[in-house]
Protein chains: 4
Amino acid sequence: MKIKVGILGATGYTGAELLRLLVSHPGVEISWLTSEKFSGKKISEVFSQLINFLDLQCVNIVKLATLDKVDLVFSCLPHGASMHFVEKLLKSGMRVIDFSGDFRINDASAYESWYNLKHRYRDFLKLAVYGLPEIHREKIRLAKLVANPGCYSTTAILGLAPLVSEGLVKDGSVVVDSKSGLSGGGRAPSLEHHFSESNESAAAYGVTGHNQKPEIEQELSNLAGSTVDVTFIPHTIPISRGILTTIYSTLEERLDTEDIFQLYREYYLRDSFIRIYDKGKFPAVKNVRFSNFCDIGIEYQGEHFISVVALDNLGKGASGQAVQNMNIMFDFPEDEGLKYPGMYP
Amino acid sequence: MKIKVGILGATGYTGAELLRLLVSHPGVEISWLTSEKFSGKKISEVFSQLINFLDLQCVNIVKLATLDKVDLVFSCLPHGASMHFVEKLLKSGMRVIDFSGDFRINDASAYESWYNLKHRYRDFLKLAVYGLPEIHREKIRLAKLVANPGCYSTTAILGLAPLVSEGLVKDGSVVVDSKSGLSGGGRAPSLEHHFSESNESAAAYGVTGHNQKPEIEQELSNLAGSTVDVTFIPHTIPISRGILTTIYSTLEERLDTEDIFQLYREYYLRDSFIRIYDKGKFPAVKNVRFSNFCDIGIEYQGEHFISVVALDNLGKGASGQAVQNMNIMFDFPEDEGLKYPGMYP
Amino acid sequence: MKIKVGILGATGYTGAELLRLLVSHPGVEISWLTSEKFSGKKISEVFSQLINFLDLQCVNIVKLATLDKVDLVFSCLPHGASMHFVEKLLKSGMRVIDFSGDFRINDASAYESWYNLKHRYRDFLKLAVYGLPEIHREKIRLAKLVANPGCYSTTAILGLAPLVSEGLVKDGSVVVDSKSGLSGGGRAPSLEHHFSESNESAAAYGVTGHNQKPEIEQELSNLAGSTVDVTFIPHTIPISRGILTTIYSTLEERLDTEDIFQLYREYYLRDSFIRIYDKGKFPAVKNVRFSNFCDIGIEYQGEHFISVVALDNLGKGASGQAVQNMNIMFDFPEDEGLKYPGMYP
Amino acid sequence: MKIKVGILGATGYTGAELLRLLVSHPGVEISWLTSEKFSGKKISEVFSQLINFLDLQCVNIVKLATLDKVDLVFSCLPHGASMHFVEKLLKSGMRVIDFSGDFRINDASAYESWYNLKHRYRDFLKLAVYGLPEIHREKIRLAKLVANPGCYSTTAILGLAPLVSEGLVKDGSVVVDSKSGLSGGGRAPSLEHHFSESNESAAAYGVTGHNQKPEIEQELSNLAGSTVDVTFIPHTIPISRGILTTIYSTLEERLDTEDIFQLYREYYLRDSFIRIYDKGKFPAVKNVRFSNFCDIGIEYQGEHFISVVALDNLGKGASGQAVQNMNIMFDFPEDEGLKYPGMYP
């Protein structure tokens, strides 16, 4: 017995990756998908890689009310746009996994200042569960609305959670330096992501602050039981997929490396998508591309504790994580449709 | 009931891709794998992406005689080295899929002149079936020894087979211009494939002739029932995976494009991994990466008939094709473990 | 005593490269430059690499009439737009080098059908000199209007000129297969040239014909003294700069390789930017990046004569060639400001 | 009147870049160059881009004693090997610019522990001047032996020098996160820098410490007049050239951004290769490729002061800086042969 799903905004990169995962998932039937730009076209005309896999026609989102009720809707719409449709879907009784930042931050005024948008559905924030299974698995199971985490946030939270949960990280000491592939910037053409501009280059952005910073701080603070501020700078590097995040922090007391390894391994004992590397080894983006793994290597350098985290920004950083959330919400094995290694080389 | 397989030379790129495919294949158990360079190491230490998937230890090939008899051995050894072990395996009753060029060419003296190697097992050439399922499916089913085709050859043969089979291509008119990703050159470090040398460059090689030329000519000539000579130049471009081949030829008579499309579609009617694009559309490497598809677009320009072919050199061009051959040999569904779209973006 | 130059459309890629070359050229003073998109901004705000080199403000082209008369104007405007301004400049007595295709093709109706544009200044076609110095150096010297050649055309013409000029190439036999970096597609954002779309891919375009085909045929036919038709397919590969063109042709008589080498070396004896490689060696894009060189390697494969040509599409394929033309027009040494090796690695 | 120079180890990447710069430098004549791997070959056979520019034959370094005395020798030999030849050259009265780390660190025992090598020429450490012109210009002028700085070190020191010199940076707070192109790893083939391994990936290395850390700390401590410890992690990203370094630190007192900008601009007032970006702008690698510029952007994020630094690892990070040092040592204008913008796009 398959569940029926719909997808809002299916023709961007998170949509493409979600479609790839869902066409191979044994428990899912895709009922409909929307696209403003490509409405009327078959999805296999938009994405040639889907020829022979899926021939659904893209529907304009203005026709949302006419579409069949489904068990679950994935919203791949951008921040600000997503919340309006999420509200409609919830009201008509459908469960939703929202890829945007609209329901990730509990504090609506923080959302408004970081996103520079008005939040019109504050009441629904209470419903929303932050969709990081390793932290909120049980709440996700019953959630009506899952706010799928940001790609950077997933690296920062998972890279520090075991230590932060023990209250071991000094507030104000955390530096999160992320290097991201360019698919993270979406599929809409821009000068910044034009091939010859970004190729053979690397750049920092969001130096004064990036909108995933508040969700990182929210989740780490909740784990710590006290305020955790982070300094976070994302960078673009010329790869299509993947994030490498290096986290620097200072600990309240200097634990043995052995003990930290044990702490990490125990913390993630039930989490099959988290791989803690052996001492002296650190993950590269190449180890996790196109997979749902989040690989972590840890070490000291002088007084700084270092955590190196790699994942695929469209995999564990977005669509893979959404499928993992779906699996939890609908009682599939948590790794259904996700249990394959990264693509190499 | 799973079949047991062994892999010779598992730590190169074709080995890595084969392992990725086999760990997700429901009908296969990997019994052993060999590596000279990494013997004694666990395969997940060699390839971090396989952590949690496969922990077999690499065995040195000198211990081949001590390894369990299996149903099928994949030899990913290089040309010249492979034949010696293939002979041993066949003699002990195992079936073999050989990735090297050692048994692709029926004419041993042609082999010797193109590969500049002595062929010591000419008798076994009669046993060998050229492992292109779209052409030799029935012979593959019963084969003891499958000679897995070259990556370039697969593009050239599949791109022209429907026309050549009808005797429609003028001999001497065929030009095959291939652009290949660098994984095609293997995993052994060399100045030529050093990152900063090949990045941001493109180069022709084998301008006077490449060792896959004779197998292209052999297969096309067999299909035509008469000699078909081709001019073939491979080029390297700075991508990890994928081949784009543009084939130029002159036809004996100018057929309508409509008729040619019908010819191609009918020829590949039972071949689920061949996708003929609609008129005016042509495949890009991005449509087939990490998949087993071979995508083809066709068109005229002036008097030249053009065929544009894309595949993944390690997928349909090597390990994917080998798994397809295995599926045929052991009565699995032909697309078992291979039925997923290309990785995008 | 410096000449004064102006630039129309200075903020695209050909403009950027032209500015780089001109700020280091001892004989040139840049008087003004236009940009619609960035008018009012300083050029060093548009291109950070020019900080400390050039601070001119971009002017909107609607103010062209108010700008100072200069000795030479480079028009980097797109096809169709360029001709209108070129006409105005010529009428006010300024000499022009036009990067667009508007004045490259003598036959206005051929232009109109290939470019799908109306040609409104047919009278000026007589004035225009095709700006390939190795072929038209003397005419360029006195030209009022130089039509700067297309990047692909430069490779195709220079790769075959010595043989074609001797009437040695069989008509109908020529296949030109070009692989180009993505800066050739310009600086305007598009889905096609969005980083994650074109990265790790390769694709053919213009399979039915590309607008540089008629200028290749015009120039080769003029050299041959008879019609030379070519089949030409350009491809995009994921590099920022550079073109590699492989040319296949059949000769009227099979000359010795030695003789062909001598023919090529003599033909280009006075041309310091053409480098004929020794037998068995072929140019890679990496050898010519950011330079004004056009490197050529030649060989037979079977009955096909092969010419492999590499240049930088923005160098000898556009802005470098334009500076070379300027040097000729104003009696500077032909290699002034251009005499440096390609950038490696 | 030209100076005569020799180059040890001319066929690696720093050698290639040095040759490119020197063949265009009006005050230099290259007398000889050595290469073990390519001895006997003409340099233009090793580096095709140098055809028509330089035809010198590579000499084996064992013949060093037979080579002409020159005004200056650049040693591009690796750490450990370089010191032996530097000693010989100094003894025969030649001035030397050494690219290796052998003479960068005053404290020989620190050198020995970081490089895991015996230092046999401790007496010469007193002669050596750390070749960062912005810090040691006057000492460089008269130096017999210039220790050319490491590429990472150049970013870290220049990015913090103005603040550190004022004693404003809290010790223990400095985090240096560098992202480097792969040419920094040299030209010798290795699995790590094999194209398909490093392409589409990113990785940290030297997580426990990298051998450029002690020179960063030495120079910053000297500027501060007290100990400055840094935590430094280099990362590889798939570009050929360039480094982007993001530096995080905490200040003793929170200065106004305005004041910090003024501090930086004044500190580098005479330094034409340092470009301080306007507030809100940060350098990308693309702005400095193939140039001698070091571009810096500065900002606060919360309590952390951020400095983003970009340079070309073979330009200002190695060979460009060496030419700048040579210019100072021999009274050429400091920017002779170096005054051109970065290569874009």
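# Domains, contacts and a sheet in a predicted model

The domain assignment, automatic or taken from a database, divides chain A into domain 1 (3–126) and domain 2 (151–312). This is a predicted model: local features need pLDDT of at least 70, side-chain atom pairs count only at pLDDT 80 or more, and totals for chains, interfaces and linings use all residues. Residues are numbered from 1 along each chain as its sequence is written, while chains are lettered from A and ligands numbered from 1 in the order in which they are written.

Visitor: How many charged residues are on the side of chain D that touches chain A?
Guide: This contact takes 39 residues from chain D and 39 residues from chain A. Ala, Val, Leu, Ile, Met, Phe, Trp, Tyr, Cys and Pro count as nonpolar, Asp, Glu, Lys and Arg as charged, and the others, Gly among them, as polar. By these classes the side of chain D has 17 nonpolar and 13 polar residues, and its charged residues number 9.

Visitor: Which residues touch the most other members of the largest nonpolar core?
Guide: A nonpolar core is a set of buried Ala, Val, Leu, Ile, Met, Phe, Trp, Tyr and Cys residues joined through C-beta atoms within 7 Å; buried means that 20 or more other C-beta atoms lie within 10 Å of a residue's own. The largest core has 420 residues, and those that touch the most other members are F74(A) and F74(C).

Visitor: What is the bridge partner of F74(C) in β5(C)?
Guide: Chain C has an open sheet of 7 strands in the order β3-β2-β1-β4-β5-β7-β6, with parallel pairing; strands pair if DSSP finds at least two bridges between them. Strand β4 (residues 72–75) of chain C is joined to β5 (residues 95–98) of chain C by 4 bridges. In β5(C), the partner of F74(C) is I97(C).

How values were computed
Two residues are in contact if their C-beta atoms, placed from the backbone, lie within 7 Å. A residue is buried if 20 or more other C-beta atoms lie within 10 Å of its own, exposed if 12 or fewer, and partly exposed in between; C-beta atoms are placed from the backbone. Helices (H or I, at least four residues) and strands (E, at least two) are DSSP runs, numbered from the N terminus.
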